[in-house]
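Keep the 3D view open as you read.

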Amino acid sequence: MMKNRTRALAVAGSAALLGTLWAAAPAPAAPAAPKTASVHGGGTVRYPYVPASHDIRFTVDAESVPFSRPLKGENLEQGLPTDARGRVTVYHAMPDQGFTGVAEAEVDCMVTGGRTATVTAVVTSSNVGWEGKRIGLSVQDGERGAPDRVGFSWGIVNVDAKPDGTVAEPTVGTCMAPAPFTEVTKGGFKVTPAPLAPRPQPKPQPRP
């Protein structure tokens with residue numbers, strides 16, 4: 001009888017201990033919200049094809065908003081996974097010419113890979129005749145002490161050479177930009193990468 005009583009007490013004690021441990025155990029963590037790709041910052045760049053007195057600066061504030069810009073075309077009605085919003089500013093002071101060019105543009109596309117991003121934006125205002133033009137920028141967030149870098153879609157890139165040797169400047173497609181070929185000498189950029197968002201499920205079609 002004593003042995004049975006001892007066993008019953010042991011079982012009851014084990015149950016109480018398990019109940020205490022269960023109550024003390026942390027609740028399962030909620031799934032982490034998906035990361036949103038973004039680029040933020042501003043910097044002055046070194047560009048070897050202008051006089052050293054020139055001051056060229058870029059600011060970028062862009063974040064991903066996937067499938068937010070519907071387009072006409074097959075599989076484009078919901079937009080693209082690279083749809084983005086934000087603002088880009090281009091500033092180029094030319095003391096030798098007594099002129100400063102400025103352009104403001106609205107971001108329409110961004111894609112990231114590691115610490116590099118490409119961003120395109122459509123110019124909304126400028127004093128150099130760029131209104132309505134899409135421009136492309138690439139931004140590299142330097143690591144381990146390396147400088148940040150920027151590339152841009154005009155000047156030395158994006159030239160359509162004709163067979164007769166004449167050239168034209170093609171349009172810039174969404175998210176299209178060259179490698180970040182200039183070094184940031186003042187300021188800097190923060191690139192937050194994120195994988196492309198999955199395509200949303202198509203909306204059910206109403207029955208006829």
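A residue is called buried when its relative accessible area is under 20%, exposed when that area is over 50%, and partly exposed in between. Keep in mind that this is a predicted model.

Asn158 sits in the loop between strand 7 and strand 8 (160-161). Its relative accessible area is 28%, so Asn158 counts as partly exposed. What draws the eye here is the backbone: Asn158 has a positive phi of about 60 degrees, although it is not a glycine. Why point that out? Most residues other than glycine have a negative phi.

Arg144 gives you a second case, with a positive phi near 55 degrees in a residue that is not glycine. You will find Arg144 in the loop between strand 6 (134-140) and strand 7 (149-152). Is Arg144 buried or exposed? With a relative accessible area of 82%, Arg144 is exposed.

Now turn to the charged side chains. Side chains of opposite charge can pair when their charged atoms come close. How many salt bridges does the model hold? The count comes to 11 salt bridges.

One of them joins Asp55 and Arg57, whose closest N and O atoms are 2.6 Å apart.

Another salt bridge is formed by the side chains of Glu63 and Arg85, at 2.7 Å from N to O. This pair links distant parts of the chain, with Glu63 in strand 2 (residues 55-64) and Arg85 in strand 3 (residues 84-94), 22 residues apart. Glu63 is partly exposed at 28% relative accessibility, and Arg85 is partly exposed at 46%.

Next, look for Glu169 and Lys133, a salt bridge in which the closest N and O atoms are 3.1 Å apart. Glu169 lies in the loop between strand 9 (167-168) and strand 10 (182-192), and Lys133 in the loop between strand 5 (116-126) and strand 6, so this pair ties together parts that are 36 residues apart in sequence. Glu169 is partly exposed, with a relative accessible area of 47%, and Lys133 is partly exposed as well, with 23%.

Definitions and conventions: Residues are numbered from 1 along each chain as its sequence is written. This is a predicted model: local features need pLDDT of at least 70, side-chain atom pairs count only at pLDDT 80 or more; totals for chains, interfaces and linings use all residues. Side-chain values use heavy atoms; hydrogens and water are left out. Helices (H or I, at least four residues) and strands (E, at least two) are DSSP runs, numbered from the N terminus. Buried means under 20% relative accessible area, exposed over 50%, partly exposed in between (1.4 Å probe, protein chains only). A salt bridge is a side-chain nitrogen of Lys or Arg within 4 Å of a carboxyl oxygen of Asp or Glu.
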